[in-house]
Amino acid sequence: MPFYTVPLGKLVRRVSRLRGGGSALPGLVVEKIDPGFMRRTLTTLPHGVAVVSGTNGKTTTTKMVVELLESQGLKVFTNRTGSNFTRGVAAALLGEVDWRGRLDADVAVLELDEAHAVHFVNSVPPKYCLLLNVLRDQLDRFGEIDKTAQLLQHIAAKTTGTVVLNREDPRVARIAETLTGQEVRYFGLDDSLLGTFPNDDDMRAAPGSPAPAGLPEKPAADVVLRKVGADSAEFEYDGGTVSTAMKLRGVYNIFNAAAALTLARSICGGAAADTNHETLLEALSQVAPAFGRGESLTVEGQPLDLVLVKNPSGFRLGLKSFPAGGYATMIAINDNYADGRDMSWLWDVEFDSLRAGGVDQLTGSRAYDMALRLQYDDVRIGAVEPDIAPALAAFIRGAKGQPKRIFCTYTAMLAIRRELSKITTVEVVS
């Protein structure tokens, strides 16, 4: 390792933070001057590296896995800033290693964007990977959905130990057939919940059409989500059923909890005697949403839920997480690079559940596209204002005394969080 890699990287990191720059810049510099930095640093960890990837749910699932492992006494390195490109991982490493480049951790759990994960695993083969789902998202970046599945397949092929797959997603489940030598574990759903969590083919299939092919026979899952309550969940593993309270909001997050449990149990040795299952469930019950992912805030004494939406399945499940009425609703849709430029996926979402209460405010660069989409579903629209700052202010003013929910794309969520930070009466609940 060049002697100057870590000092220079830490210097760039400090200067970048002082100037309010991006969290990934130091990692980009280190990747250029020392391409082997991540491999040397991460391959020495006792429990190796675990990669979490897929279209939806990476950030919150990674957070869950980290907190579950920490509950078992493991020191975990992760890319907490949410920068899920390889340079984001390198930048996070610079914040954790000492001046000699040594990392004090037992295991690394890394959230990685599907395309960037391919480059990462070519350099740093993971011991574990968790592949969540394949949904139509940012097709302007990835091309068709089967291309995304191929990216995930490559991640699995490079994994040296255990591959954890979503049994209910045919494209993810079929990856098992391509693997040689890896241990494969699954997380899954009780049959009664399959309609609540449709895969991409289910959402787009015509009524009465045959189900797409998954595995020839449904394999047993290491962890199965049995029931979802308003603030609780029931899981089955090791032949028994357990119930736990959940701070996480949104049915989609609860299914991801089954994924997180499966990966954490794999890293800790499954049903091994040294795994404290009571502590594991207690840790799961205390996991709060990741930044902007189903966060519950209090604004002027009333709850405000911030729900990230970026594809049809995520939007559909976000809508399903709330009762049909009783909330003031705002939708913020941007089409910046991080959101995906192609917003045609909005036409694949059914907005019938919004008819009763309507939508009070639309905002973002694609606010008028969203307005047109809602008109086709006969949803009443209160106001349209593409500029997020005045739209948010008007929404909060107009919905005094009401609980609120905001469905937003990624960059719209960042803008909303910036505006909310200026309001002194905002409190983070979870």
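Predicted model: local features only at pLDDT ≥ 70, side-chain atom pairs only at ≥ 80, totals over all residues.
**View 1. Packing of helix α4 against helix α11.** Helix α4 spans residues 58–71 and helix α11 spans residues 251–268; the two pack at an angle of about 40 degrees, and their axes lie 9 Å apart. The two helices are therefore oblique to each other, and α4 passes α11 in a right-handed crossing. On the α4 side, the contact is formed by T60, T61, M64, V65, L68 and L69. These residues meet N253, N256, A257, A259, A260, L261, L263, A264, I267 and C268 of α11. Sorted by class, the contact of α4 with α11 comprises 12 nonpolar and four polar residues, with no charged residues.

View 2. With neighbours within four places in sequence left aside, the residues in contact with D222 are R185, Y186, E236, Y237, T262 and R265.

View 3. L103 is found in the loop between α5 (86–96) and β3 (107–111). With a relative accessible area of 16%, L103 is buried. L93 is 10 residues away from L103 in sequence, and their C-alpha atoms are 7.8 Å apart in space. When residues up to four places away in sequence are not counted, L103 touches T41, L42, L45, F77, L93, E96 and V97.

Definitions and conventions. Residues numbered from 1 in each chain as written. Heavy atoms only, no water. Axes fitted to C-alpha atoms, helices over the stretch in contact; angles between N-to-C directions. Helix = DSSP H or I, 4+ residues; strand = E, 2+ residues; numbered from the N terminus. Parallel < 35°, antiparallel > 145°, perpendicular 65-115°, else oblique. Left-handed = near helix turned anticlockwise from the far one by under 90°. Contact = heavy atoms within 4.5 Å. Nonpolar A, V, L, I, M, F, W, Y, C, P; charged D, E, K, R; others polar. Buried < 20%, exposed > 50% of the residue type's maximum accessible area, 1.4 Å probe, protein only.
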